[in-house]
Amino acid sequence: MLYNAALVLEGGAFRGQYTAGVVDTFLAHHIEFASVIGVSAGSLCGANFVSKQYGRAAMININHRHDHNYISFTHLLHRQTIINLDYLFEDHGWQWENFNERAYERSASNFTAVATSLITGKAVSFTNPTGNELTRALKASSSMPILAKPQRTSQGLCMDGGVADSIPYDVAQQQGYGKVIVVRTRDINYRKKATSRTLTRLYHQYYGRDYPLFVRAAIARPTVYNRQVETINRLTKAGRFFTIAPRQPVKVSRIEGNVKKLRQLYKTGQRETQAILPSLRQYLQS
């Protein structure tokens, strides 16, 4: 059933396995939303959700996590970034399920990927992109600072949407939706610590000369993120938002190498979403 509501998917790199479990549970129960908005790993999960490709996001990160063509610190030896996002959009043979863009385009859901402009340091969005624009938007939204390279898009050079807008519920509000389902990849009590001196130096080293506004946004991210979390929790308590978040702190790193932990987090997302489906339907139908 298609609900007149917006689904907002937080990023978190490999913590997105939780989100993959959530949206696969929605697919299993034929739950769809008029708008799907994702940032970073959330954008990748969101695109697969819109194209109705059950299990695809989880399969890639579980079965291909240790392919050195995808993620490897040895890339640094060749002056390349640790994460090769191009890998996600290539054909890797019979065991690889390619993205079904025809199904994505036929979907009744609108899809929005959120990224951060390197020039302005502000969030930019790509709604219903197709073809090369879709690929560029997803890569831009998912390009974590330092670990991946900036992507050239129709809105200029962009990187990780989480820098400027980690949980883009504001996009859902701008689109006019009164019902917003937020999927977190952190438990509701999690708050970011202030940006460390080391990370601050790295931001300046990598981007300071050409993109000072991006650096400013990256350093300020914890403050903005924690403010977003407070707003989401308040609106959820008031019954205006519906939040799905891990019940326990997530012990999976951004580029987690333990495949067993990735598989467990995916199953946790499935199990916890299954448990709240009656409450979710009540919220959507009220």
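Visitor: What makes a stretch of chain a helix or a strand here?
Guide: Helices (H or I, at least four residues) and strands (E, at least two) are DSSP runs, numbered from the N terminus. The protein has nine helices and eight strands.

Visitor: What kind of model is this?
Guide: It is a predicted model, where local features need pLDDT of at least 70, side-chain atom pairs count only at pLDDT 80 or more, and totals for chains, interfaces and linings use all residues. Residues are numbered from 1 along each chain as its sequence is written, and side-chain values use heavy atoms, with hydrogens and water left out.

Visitor: Why is alanine 20 called buried?
Guide: Buried means under 20% relative accessible area, exposed over 50%, and partly exposed in between (1.4 Å probe, protein chains only). Alanine 20 has 2% relative accessibility, so it counts as buried. Its place is in helix H1. Across the protein, buried residues make up 56% of the 286 residues.

Visitor: What does alanine 20 touch?
Guide: Contact means heavy atoms within 4.5 Å. Not counting residues up to four places away in sequence, alanine 20 touches Cys45, Ala57, Ala58 and Tyr266.

Visitor: What share of contacts joins residues 24 or more positions apart?
Guide: Such pairs account for 77% of the contacts with a separation of 6 or more.

Visitor: How do you know that strand E2 is largely enclosed?
Guide: Strand E2 covers residues 32-39, and seven of its eight residues are buried, so the rest of the structure largely encloses it.

Visitor: What makes E1 and E2 a pair?
Guide: Two strands pair if DSSP finds at least two bridges between them. Strand E1 (residues 2-9) and E2 have six bridges, in the parallel sense. At one of them, tyrosine 3 has phenylalanine 33 in E2 as its bridge partner.

Visitor: What stands out about phi at histidine 30 and serine 40?
Guide: Most residues other than glycine have a negative phi. Histidine 30 has a phi near 55°, a positive value. Serine 40 has a positive phi near 55° too.

Visitor: Where are they, and why is each called buried or exposed?
Guide: Histidine 30 lies in the loop between helix H1 (16-28) and E2. At 59% relative accessibility, histidine 30 counts as exposed. Serine 40 lies in the loop between E2 and helix H2 (41-50). At 5% relative accessibility, serine 40 counts as buried.

Visitor: How do strands E3 and E4 pair?
Guide: Strand E3 (residues 110-117) and E4 pair in the antiparallel sense over five bridges. Threonine 116 stands opposite alanine 123 in E4. The two strands form a hairpin with five residues between them, and glycine 121 in the turn has a positive phi of about 75°.

Visitor: Which residues form the covered face of E4?
Guide: Val124 and Phe126 form the covered face of strand E4 (residues 123-127), while Ala123, Ser125 and Thr127 form the uncovered one.
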